[in-house]
Amino acid sequence: MKVKALISEERVTLPEIREELLRIEASRLESGKEMSYELKKSIEHVNHLAKISSEASRELVSVLLGMEKMKPDIAYRIANLMPVNRDELRAVYAKERFTLTPEELDSILDLVSSKR
């Protein structure tokens, strides 16, 4: 499939993608249409990776964006990956030119664990 034009662009989290794909799946099943291989695999993939609800992920992103040293890309990455320890969180920040203090890392991990 070729994309001819980009209509709009918006950042979304994996749980939000899961909701949209499940909505598409339900409409396809309701209308009797067959689902493509790619759609089936996409649904399987997001079901496996999405760990929280879309509301909780959106709320986590908004709280993270309020923090110092937080960029939108990083906030969405954290909401998608839901890191459980400092090493996983440091991997998210690996390409940044700054490092976070242990207290900052712990505060982010506390936010993530509260949304699980």
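A residue counts as buried here when its relative accessible area is under 20%. By that cut-off, 31% of the 116 residues in the protein are buried. Keep in mind that this is a predicted model.

On secondary structure, the protein has six helices and zero strands, so along the sequence the pattern reads α-α-α-α-α-α.

Next, the dimensions. Along the principal axes, the C-alpha atoms fill a box of roughly 55 × 30 × 20 Å. Of the contacts between residues at least 6 apart in sequence, 60% join residues at least 24 apart.

Now the surface and the charges. The protein exposes about 8,200 Å², with 52% of that supplied by carbon and sulfur atoms. There are 20 positive and 21 negative charges, and their mean positions lie 5 Å apart.

Last, the backbone. Most residues other than glycine have a negative phi. Which loop holds Lys69? The one between helix 3 (54-65) and helix 4 (72-81). Phi of Lys69 is positive, near 65°, and this residue is partly exposed, at a relative accessible area of 31%.

Met82 also has a positive phi, near 50°. Its loop runs between helix 4 and helix 5 (86-92). Is Met82 buried or exposed? Its relative accessible area is 2%, which is under the 20% cut-off, so Met82 is buried.

That is the end of my part.

Key: Residues are numbered from 1 along each chain as its sequence is written. This is a predicted model: local features need pLDDT of at least 70, side-chain atom pairs count only at pLDDT 80 or more; totals for chains, interfaces and linings use all residues. Side-chain values use heavy atoms; hydrogens and water are left out. Helices (H or I, at least four residues) and strands (E, at least two) are DSSP runs, numbered from the N terminus. Buried means under 20% relative accessible area, exposed over 50%, partly exposed in between (1.4 Å probe, protein chains only). Contact means heavy atoms within 4.5 Å. Accessible areas come from the Shrake-Rupley method with a 1.4 Å probe; for residues, only the protein chains shown count as cover. Lys and Arg count as positive and Asp and Glu as negative; His and the chain ends are not counted. The place of a charge is taken as NZ of Lys, CZ of Arg, CG of Asp or CD of Glu.
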